[in-house]
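Biologist: I am new to this structure and would like to learn how to read it. Please take me through it one feature at a time.

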Amino acid sequence: RNGFRPLPVSPITAAGAMCGRRTGNELAQIAFANAGDYFDWGPSGITVRDKSELARAQTSAVAEVAQTVTKDGGSIRVKLHDKLGALDKLIKLFGFDAKQPGSDSENPLHLLVQAMQGSALPVRTDAELRAARAIDYDNEN
């Protein structure tokens, strides 16, 4: 056809890419874990969510679960993995710890969040949303 043939992907390269992607996903689950997914708290106390209510991705952020039972009641301890450590490792994994040439922002966390979220979406004002709905409504009739 055009004279180009795709280069074969070695099993080692494919395994490395898969391992890197999986490592990145695991680190992201830890880095972006939300305590509100695991417990509720307020004036009446703390309630720990049942494991069955959590997705597998959420349970991977849990570092430790411990329960102490005493004659007076006891306590439950749920500890999540180190979020800042996971963010730091993600920054290094994606190479954002080095200065990015031509980058407007040299903040590694900003670059990481950009890479994880993709490109920014345009934001419409309320007036623009109402106008867009009116146009869509007019087109339906």
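Predicted model: local features only at pLDDT ≥ 70, side-chain atom pairs only at ≥ 80, totals over all residues.

Modeller: Residues are numbered from 1 along each chain as its sequence is written, and side-chain values use heavy atoms, with hydrogens and water left out.

Biologist: How many salt bridges does the structure hold?

Modeller: A salt bridge is a side-chain nitrogen of Lys or Arg within 4 Å of a carboxyl oxygen of Asp or Glu. The structure holds 3 of them.

Biologist: Which residue forms a salt bridge with Asp-40?

Modeller: The partner is Arg-49, and the closest N and O atoms are 3.1 Å apart. As for accessibility, buried means under 20% relative accessible area, exposed over 50%, and partly exposed in between, with a 1.4 Å probe and protein chains only. Asp-40 is partly exposed at 38%, and Arg-49 is partly exposed at 28%.

Biologist: What do the side chains of Glu-64 and Arg-77 form where they meet?

Modeller: They form a salt bridge, at 3.2 Å from N to O. Helices (H or I, at least four residues) and strands (E, at least two) are DSSP runs, numbered from the N terminus. Glu-64 lies in strand 3 (residues 62-70) and Arg-77 in strand 4 (residues 73-80), so this pair ties together parts that are 13 residues apart in sequence. Glu-64 has a relative accessible area of 32%, and Arg-77 has one of 42%; each is partly exposed.

Biologist: Where do Lys-92 and Asp-88 lie?

Modeller: Both are in helix 3 (residues 83-93), 4 residues apart, which is about one turn of the helix. Lys-92 forms a salt bridge with Asp-88, with 3.3 Å between the closest N and O atoms. Lys-92 is partly exposed at 48%, as is Asp-88 at 37%.

Biologist: Which residues make up the largest nonpolar core?

Modeller: A nonpolar core is a set of buried Ala, Val, Leu, Ile, Met, Phe, Trp, Tyr and Cys residues joined through side-chain atoms within 4.5 Å. The largest one here has 12 residues, among them Leu-27, Ile-30, Phe-39, Leu-54 and Leu-90. Helix 1 (11-31) and helix 3 are the elements that give two or more residues to this core. The largest share, 4 residues, comes from helix 1.

Biologist: What does Leu-54 touch, not counting residues up to four places away in sequence?

Modeller: Contact means heavy atoms within 4.5 Å. With that exclusion, Leu-54 touches Asp-37, Tyr-38 and Thr-59. Tyr-38 is also listed in the largest nonpolar core, together with Leu-54.
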